Amino acid sequence: MLLSSNHKCFDKISLVATDMDGTLTRKGRFTTTLLQALEHLAGRGIKVLILTGRSAGWVSGLASYLPIVGAVAENGGLFYPANSEDVFKLTSINDYNEHRQALATAFSKLQTQFPRIQESSDNRFRLTDWTFDVADLTTQELTTLDNLCQDMGWGFTYSSVQCHIKPIGQEKAKALLQVLKQFFPEYQTEQVVTVGDSPNDESLFNKDYFPVSVGVANVLEYSQQLKYQPAYVTSAYEGEGFCELADLLLKVSQT
């Protein structure tokens, strides 16, 4: 269903929980228009929380430089509140060194069947998951990788940028529910809109968790791979789609 101000559910929105790559970015970058949209939302009292597959090391800085209330890294592994040096574990891991070694072993096993897959450049800055580049992997190959990870006792997901080997159950929606409960208990799920563009955002589209969800137009490229579909889809792609949603939220907040 196309995004429209006629849908009254947007009248209640007080917090935007959004993916980053392919959702906030345009061709891999933040635009001036996007940064202005974030500023305008903050000025209107509408909070923005980022949920990304990017690494812990990358996201720790992100949370301090954008007008947001915080950011979740590694598809649900850790939470970084804005303007704070604290980090909160969202996945229970007793020993990170042992955990990383187990992930490295799993990746090596995947490489025996897919020799061309390469560790992502930011993988060394990660704590809870292991990433490799999507590159030219086909949908069938991604499904095979998913099955192989499950056979080894790991979860798997992917975005337009990277593939992730991760703890089973580590996903954006569960992480968001944890963060809301601990840091933003004043918000009900009906006051939250979740936004994304690819398979690693799929849990955010589960209406049993969050009834109001939006996909930017490029999400339609993955419609056949998604078990859960966004309730609404923007007409614009990538960061311009997010700005379309922001404009709608700013408009309805005035009425």
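1. In this predicted model, Lys-172 touches Asp-19, Leu-51, Thr-52, Gly-53, Asn-75, Asn-200, Asp-201, Ser-203 and Leu-204, leaving aside residues up to four places away in sequence. One of these neighbours, Asp-19, is joined to Lys-172 by a polar contact of 2.9 Å between the two side chains. Lys-172 has a relative accessible area of 1%, and because anything under 20% counts as buried, this lysine is classed as buried.

2. Lys-172 belongs to helix H5, which covers residues 172-183. The helix has twelve residues and reaches 16 Å from its first C-alpha to its last, close to the 16 Å expected at 1.5 Å a residue.

3. Which residues of H5 are buried? They are Lys-172, Ala-173, Ala-175, Leu-176, Val-179 and Leu-180, and, seen down the helix axis, they fall within an arc of 160°, so they line one face of H5. An α-helix has 3.6 residues a turn, so residues three or four places apart point the same way. On the other side of H5, Lys-181 and Gln-182 are exposed.

4. The cover over the buried residues of H5 includes strands E1, E2, E3, E4 and E9. The helix lies across these strands and also E5, running at about 140° to E2.

5. The sheet itself is open, with eight strands in the order E5-E4-E3-E2-E1-E9-E10-E11 and mixed pairing. Strands E5 and E11 stand at the edges with a single partner strand each, so one side of each is left without a neighbour in the sheet. Within the sheet, E1 and E9 run parallel and are joined by four bridges, and Ala-17 stands opposite Thr-194 in E9.

How values were computed:
Residues numbered from 1 in each chain as written. Predicted model: local features only at pLDDT ≥ 70, side-chain atom pairs only at ≥ 80, totals over all residues. Heavy atoms only, no water. Pairing = 2+ DSSP bridges. Helix = DSSP H or I, 4+ residues; strand = E, 2+ residues; numbered from the N terminus. Contact = heavy atoms within 4.5 Å. Axes fitted to C-alpha atoms, helices over the stretch in contact; angles between N-to-C directions. Buried < 20%, exposed > 50% of the residue type's maximum accessible area, 1.4 Å probe, protein only. Polar contact = N/O pair within 3.5 Å; in protein donor to acceptor, adjacent residues only side chain to side chain. Expected span 1.5 Å × (residues − 1). Arc of directions from axis to C-beta.
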